[in-house]
Amino acid sequence: MRRVPFSFELYPPRSPASTPALHETIDRLAAAGPDFLSVTYGAGGSTGGRSLEVLRHIRTHTDVEPLAHLTCVGNTYAGAARLIREFLDAGILSFLALRGDPPAGLGEGEPFLGDLESSAQLVQLIDRVQAERAPYEESPVPGNPAAVRVAPRRKVSIAVAAFPNGHPRSAYSSQHVDALLAKQAAGATLAITQLFFHADHYLAFVERARRAGVTIPILPGIMPITSPARLARVLELTGEELPGELSISLEVEPTAEGRRQVGIEWAADLARAVVAGGAPGVHLYAFNQHDTVLDVLAQAGIRTGLQLSASSKGTP
């Protein structure tokens, strides 16, 4: 039986008081053996410093690859280049290049982007900054202090976003596929999808993308939805259509733990279905909590060695 790769997304702590809990979550997620842990980046630099702190913690205290989010929104070309160099100096070699959402109070029709107009441009900038910063690496030669060994530097890995049901800003039906092709041409090495609620949406999108010429892996992004409020917020942010069955199940369930189980089971079923359909792995949005996403992996049979949390086993 093949190993199914998996990964998690985290966000920086909103205050210093929540940092210890996040470190505990990182330890628990890292112990499960993910391919990488991604850390979001706030628009306008609101969490840039905290993001780097979390990425450094992952790199220093775990064996897991840290992946840094970068956005066009809130960054100039020069500012983004400085930030990329800062991440590279910290040993971060994996990135997720995003256009980013409009700042609070601004809509899609209003100007809010600077001189980085697309995530494809950001992909190119990340590659360029690394090439200019250090095209190769040097290591000492034992017994010969005057000599160094020169080798090609590990090239950065750059993920980008994909949208199985189209981007809200798409002007025509296939624009999100064309945009992914442009990101691939710019140097992207991986795509991670926005959340979706039905496996067929992801599988059909991958088929369309492959026919169009997309060859990079397309990793499905899956979010356990554990409350009606979270579902409403997600729909507001993404523009996805209301998943009726999930919505009703969450609304009629009277307890918080019952709603948590609804979300876990839905996400686990989705993960099983996309993996069976050929997905290269699963990427889980963790909301800075470990129990729920680890239970999803266990129930999906993706990480069978995981211990289900007490609540998932129905014990008090």
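1. Buried means under 20% relative accessible area. In this predicted model, Phe8 has a relative accessible area of 0% and is therefore buried. Phe6, with a relative accessible area of 3%, is buried because that value also falls under 20%.

2. The rings of Phe6 and Phe8 form a pair, with centres 5.7 Å apart and planes at 65 degrees. Planes over 60 degrees apart count as edge-to-face, so this pair is edge-to-face. A second aromatic pair, Phe196 with Tyr202, is stacked, at 5.6 Å centre to centre and 15 degrees between the planes. Phe196 and Tyr202 are both buried. The structure holds three aromatic pairs, including the two described here.

3. On confidence, the chain has a mean pLDDT of 87, and 87% of its residues reach 70 or more. Over residues 43-47, however, pLDDT is below 50. Beyond near neighbours in sequence, residues 43-47 have seven contacts in the model.

4. Where pLDDT is low, the predicted coordinates should not be read in detail.

Conventions
Residues numbered from 1 in each chain as written. Predicted model: local features only at pLDDT ≥ 70, side-chain atom pairs only at ≥ 80, totals over all residues. Heavy atoms only, no water. pLDDT = per-residue confidence, 0-100. Contact = heavy atoms within 4.5 Å. Phe/Tyr/Trp six-rings, centres within 6.5 Å; stacked < 30°, edge-to-face > 60°. Buried < 20%, exposed > 50% of the residue type's maximum accessible area, 1.4 Å probe, protein only.
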